[in-house]
Amino acid sequence: MLSPPPSESEEVDPWERPTAEVLSGVSALLAERGLSIDIEALRLELEGSAGGPADLSVPLHRVARQAGRDPAELAGELTKAWPTRGSTLNASAKGAYLNFDAEPNQLAATTLLLIGLRGEKYGFLRPTATSVCVEHTSANPNGPFHIGRVRNAIIGDTYARILRAAGHPVTVHYYVDDVGRQAAVISWIWSKPRAEWPPAALATLPTGSDGPALNEKPDHYYGRPYPAVSALLKEDASLAADLGSYAKQVEEGRAPPLHRELSAKVLDGMLASLARLGIRYDELVWESRFLGDGSVDKMIARLKAAPHAVQEENGAWAIDATGYGLPQESSRLIFTRADGTSLYATRDLAYHESKFAAFPRVIDVLGADHLLHSRVLSALLTEIGEPRRPEFVFYQYIQAPGGSKMSTRAGTAVYLDDLLDEAVSRAHTEVLARREDLDDAAVDQIAEAVGASAVRYSILRVAPDKPVQFRWEEALSFEGRTAPFLLYSYARATTLLRKAGRLEPPYPSEAGQLVAPEERRLVRTLSRLPGVVRYAARTGHVHSLATYAHELADAFHSCYQAVPVLRAGAERESRIALVAATRTTLGTTLDLLGLARPERM
RNA sequence: GGGCGCGUCGCCUAGCCUGGAUAGGGCACCGGGUUCCUAACCCGGCCGCCGGGGGUUCAAAUCCCCCCGCGCCCGCCA
């Protein structure tokens, strides 16, 4: 990277100065009239006014009313009082609003200068020392991903990217459950000789095969018997008991080597799918670690000493949860089974204590089905005297096409691998139809980028707490508000710049001649990225960045259509600089969303 | 039954945290655009009063209450 991190004093946002100017200017003018306004509230108000009728707008209803004055009249008065000299903003009154518009040439100059200086780091905020641990995905290694679960990984990965851009050192965890009963099912069945497999389980394997077919990923192959076996376990008590004793061995660290081996293989297959979406982890945290290092035992000891610890008649230990506001107040939070083994919540507690020891901020991305668990965790943290809490980001599951829950067993699951393959294959067709000049390798590369990005964006564009139904047509759509629209915008900018003979970000002095409405709209959109990053980092609304990406690409496509660049006269250099700024900014936005940035399409 | 989330044009969706100016986009549909930097594009048109009711407020898609619909959860599973 060309660009060093910004120093404390360095500007990162073109709106920083104008906002400060309005805050101090308006409060000074009001003070002269014996009025006051809440600066912090106004700051938020201004942040939210981007995209409105004015660049920065101050509603005066409240202040005026408190002073018994007519808002519109006050707005007019303040407009006249606003210093015309020394200000980069034009003040105007519209009804009760005191509006400020940045002078377009000034805004273009500031924005392009900033993008030129920061390069690929434009959009990044000032660094902070507060490190964050983001845990996401954490799906059990017992079979391939389906779309319902993968929303977690996509949201979590994007949030981690955004937090990094917001200046945090970020560590991403995948918590791998290799301990509980669910985790034991796979190795338990595969550790048995084939002759001992229940027929229903055996029937899930391809006939005559002895191992994974060459073209079948390990998560798919070893995951084959899982649905059938878990169904059998619900009906067959002796089978369940057999699994129980196997699971106890696992928890006690006496599992056959096959256990860890299969967990790792299946996980590898799952991670390979996620890697196609650009998702990677800093650390795989194996749950068994907390059993091995004694931290679960220590946690159990702490829980037994907790204020509301009770032992059940059969020997299990629990926390009396009455008073924690959980549903079914009379129920108890069991933390050791009758046989003395630990439960998921107990181990998760040990894991969280290890996270708190290393990170000031801890974020967990969880499906809506884990809401109660998060409350249980909080209650248990209180019990052990831990004041800190993770920040939870919840998302609703993606439902199967019919509207039912996505379930492997019910056959309603849509697998990530299948969706990716289909998307890439469709992208391949599209590329071939448009580009006869490319060689096979180039076509493949573009198709992979377009297909994978389309899948990722189709999930990212919707607010996490919105329940959505999966639809093939939507996930595979390549037009309108989709990733290909964004990627195409980037590819267009890149091609244009290549023809112009330079791909670098703009130079400081080049913003002079951007006067077309399309150009001014594009500049405004470019100027907003740092604000969008700040908002997304603060709220966890990663989809707001997805929305922004579309607005940026849209503004560029319009501009591209309306304003010639290479054939332009005096404006040529300014326009090339604008395209360069767009390419840089859009590239960063695509990176933050985990989408590809193809040089051509 | 209880808890939580969601309910915005024919379909999908932003805005709801921080109440404020004619509620933004996309798909579909209709009509235009390629002797010119990639038409996975652009321009225009059509379409909603924000699930229903009540309340707070100068002002409610946004806050509060009730109701309806959908989803998730309520294991010594994870």
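Here is a short chat about a pocket and some ring contacts in this predicted model.

Tutor: Residues count from 1 along each chain as its sequence is written, while chains are lettered from A and ligands numbered from 1 in the order in which they are written. The model is predicted, with local features needing pLDDT of at least 70, side-chain atom pairs counting only at pLDDT 80 or more, and totals for chains, interfaces and linings using all residues; side-chain values use heavy atoms, leaving out hydrogens and water.

Student: Where does the second largest pocket lie?

Tutor: Domain 1 (16-102) and domain 2 (416-593), with bounds from an automatic or database domain assignment, both give residues to the lining. So the second largest pocket lies between domain 1 and domain 2.

Student: Which helix supplies the largest share of that lining?

Tutor: Helices are DSSP runs (H or I, at least four residues), numbered from the N terminus, and strands are E runs of at least two. Among those giving at least two residues each are α1 (16-32), α2 (39-48) and α23 (543-562). The largest share, six residues, comes from α23.

Student: What kind of aromatic pair do W317 and F335 form?

Tutor: Rings of Phe, Tyr and Trp (its six-membered ring) pair if their centres lie within 6.5 Å; planes under 30 degrees apart count as stacked, over 60 as edge-to-face and the rest as tilted. The W317 and F335 centres are 6.4 Å apart with planes at 40°, so the pair is tilted.

Student: Is W317 buried or exposed?

Tutor: Buried means under 20% relative accessible area, exposed over 50%, and partly exposed in between (1.4 Å probe, protein chains only). W317 has 19% relative accessibility, so W317 counts as buried.

Student: Which residues do ring pairs link into a cluster?

Tutor: Y221 and Y222 form an edge-to-face pair, 5.1 Å centre to centre with 75° between the planes. Ring pairs link a cluster of W190, W197, Y221 and Y222.

Student: Which residue lies over the face of W197?

Tutor: A charge sits over a ring if NZ of Lys or CZ of Arg is within 6 Å of the ring centre and within 35 degrees of the ring normal. At 5.5 Å from the W197 ring centre, the residue is R194.
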